[in-house]
Amino acid sequence: MAHFKSALYVSAGIAAFATLSTPAHAQDTDQDESRTLQTVTITATKREQTLQDVPVAVSVVDESVIEKAEIVDLGDLQSVVPSLRVSQQQSSSNTNFIIRGFGNGANNAGIEPSVGVFVDGVYRSRSTSQISDLPNLQRVEVLRGPQSTLFGKNASAGVISIVTQKPQFEWGGNVEGTVSNYNGYRAGAFITGPISDTLAFSLGGNFNTRDGYVEDLGDGPDTNERNRWGLRGDLLWEPNDDMSFRLIADYDEIDEICCAAANVINGPTGAAILALGGNLVAEDPFSYEVAYNFGSENLIKNGGLSLQGDFDLGAFTLTSITSYRSSDLSTNQDSDFTSADLLGRKSDDVEIETFTQEVRLTSNGSGPLSWMVGGFYFDETVDIENQLLYGQDIRGYIDILSSGLLTSLEPVVFGVAPGTFFQPGQGFTEFYGQDDTSASLFGTIDYEVTDRLTGTFGLNYTQVNKDAFANAVSTDTFAAVDLNTAAPFISQVTAGGLLLQAGVNPTDPAAVGAFAAAYPTEFATIQATAAGAPGALQQLQFLPPFLNFPNAVETGSTDDEDTSVTFRLAYDLTDSINVYGSYATGFKASSWNLSRDSRPTSADYALLAQGGLLVPNLTTGTRFAGPEESKVYELGVKGAYSDFAFNVAIFDQTIEGFQSNIFTGTGFALANAGEQSTQGLELDAQWNATDNLLLSFAGTFLDPVYDSFEESASGDISGQKPYGIPDVSTSTSATYTFDVKTYDAFVRADWQYESPSDYFDEPANQALIGDEKEVSTFNASAGLTTESGLSFTLWGRNIFDDEYITVAFPAVAQAGSISGYPIQPATYGLTVRKSF
């Protein structure tokens, strides 16, 4: 029987050695049985199959690696899966997943990520619902490349599938506790067992607390703390051999002060901050010190129910998965990241409710033909309420930046009393929303041409409808002033004021002429300053009025449909070496920009102007980004021997219309790239160098480029390498297992490396920051387990204090300054676990 017999194939990543990382004496002692027969079973194809039997690109991290490497949440996964990159940004929920250099989403709730995240077959549509501590895990599967044939509209870059342990009909469980630096404490407990002969349960809970490792020298508390907990209950009912039901309920909360943005480049506005009596820690991000005037609060509540039913009907199995989830996010950030009270409030309140239903039929036959067909329905509502309000120091800050020019112009040019503009409490109050419904039909067919050759064809049709709205009100009165019309008068009044300061009567032409003749350099400076005054004032119009939608021109609706396909041939060269070739397409529906940077397109702007619907100082941009359509050609080979396994894949992946979502500090610039492509090589290998020593290596080597991106937020960057994507990413580890008397013991170390990559697509910002991001991070652990199931693990992450900025962005209302998020410093601790 061919190795590749299955209803659908997913990729192969870390080789099929389920138990190579376990202590040698705990493995099967029968020397005639090869370790390669102890395989990992995965369900990323929506049916169980062994990892060795699936061609293409999946990395699997099982529970033994998760425990030994001290992987607590999805952010930690990137240390063992180099194709996956995870970044946490402005808040505890602002997390972005990237696979093979493709991915987006971040904190813009209108944008679903290009990397789909599934927990026990249930789709988690936003990072808010994905970043809590991982539950009682069996494994995590990271599928690389488009996966839309099975997973639908939001898997154009890949999929992360998290699989938890089912309830057992034998009593078991574990309790664990961890103490770590920064007064860190973690605890968790899990129990499973039978309620009756047909009903089993499991119940788990965890909490995680830690002091902030960033000291706030201002008025706020220390930041980047941990304070989160969760509960999860699971029922498994198997009334007979042909039927099973699994009901899962979970709830978790995050309530913590996060996340610290440090000053990376201190531009000319830094002096104004100090002149106000404020403070910032200039250009010293790895001091882990900041100066804020209040702590950045994050309160996130996630919960949900799911029910999976499986019915063996003989020739095929019917599976139904129904889920309902809700996610509530409430944050308030000190987004100027100084102790000056420039922004008194930057709050985001987001409520997301999601219902999904999947039904599929999977063949059970033993012949050469196997198949799967199914359908998926998705219904989600997103409601957002945001505020961005000026603080007490904003007027003084503006007066310093304008050298008092605004105060002098208020009564003369604008007809208002001095000090009218930039009052505390002025700003933006915003309401956004989106209704998203989609449905898809999918199917796959595998046919064994011979015992060694299998062909696969997959098809997915998806239809998506989104209705969005925005209702934002700006009370920033200065931002509504038409400075273009007033420009000549502003220049005239500015010149007059400067001449008066020089002792010249600006209303006396003879006096002005005499001054110009006697002091030509000074007079030229006055003229240049006066001419540039309108433009300088325009730089202070931070929050111009917003044109709400839907309106007479913009409907606020998108309707998308797509058909995705997969073709694959897989061939067993020998019983140990398999090769494959595939072509697959992927799809991601249109995404709405639910932020204050949402603006009409040029075409819509013209129609709005014709209808007299424009608001002052409105500029063009985008309301939404159209669909992403990806395709990938892939060739691979993998092998598995008694003490060595490897996987090599070369691919050419392209996304047309890639949805570029750039964080601007207070909003997002959303646009479609014409085409972004990546050619690459992925290699991973495991070698049992001895019965006790396991060596692992995984590497991703990429050549990414914007083939076409003429209307990016940074202008035409066609032909440029996308920012933030390293050419080389590797993960190297060694695990040594041994006995200490009757104890099982191990030591483990891993090294994560990323070659240098830019922080910005914008050349001017990249030139300003100068440095590139480069990662060289080491983690280590050591532990032992007694015969009674009591284990002790001493662990450390980033043990050599690697220093780099994870994400950088232009500082808010501080032109010429750059802020960024420094990597977490070294953490270490002791975990004690008792299994029973």
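Predicted model: local features only at pLDDT ≥ 70, side-chain atom pairs only at ≥ 80, totals over all residues.

Modeller: Residues are numbered from 1 along each chain as its sequence is written, and side-chain values use heavy atoms, with hydrogens and water left out.

Biologist: Why are β6 and β9 said to pair?

Modeller: Strands are DSSP runs of E of at least two residues, and helices are runs of H or I of at least four, numbered from the N terminus. Two strands pair if DSSP finds at least two bridges between them. Strand β6 (residues 115-119) and strand β9 (residues 158-164) have five bridges, in the parallel sense, and therefore meet the definition. Within this pairing, V119 stands opposite I162 in β9.

Biologist: In what order do the five strands of the open sheet lie?

Modeller: The order is β3-β8-β9-β6-β7, with mixed pairing. Strands β3 (58-62) and β7 (122-124) are called edge strands because each pairs on one side only.

Biologist: What makes E67 and R833 a salt bridge?

Modeller: The term requires a side-chain nitrogen of Lys or Arg within 4 Å of a carboxyl oxygen of Asp or Glu. The closest N and O atoms of E67 and R833 are 3.4 Å apart, so the pair qualifies. It links helix α1 (residues 63-68) with strand β40 (residues 827-835), the two residues being 766 residues apart. The whole structure has 22 salt bridges.
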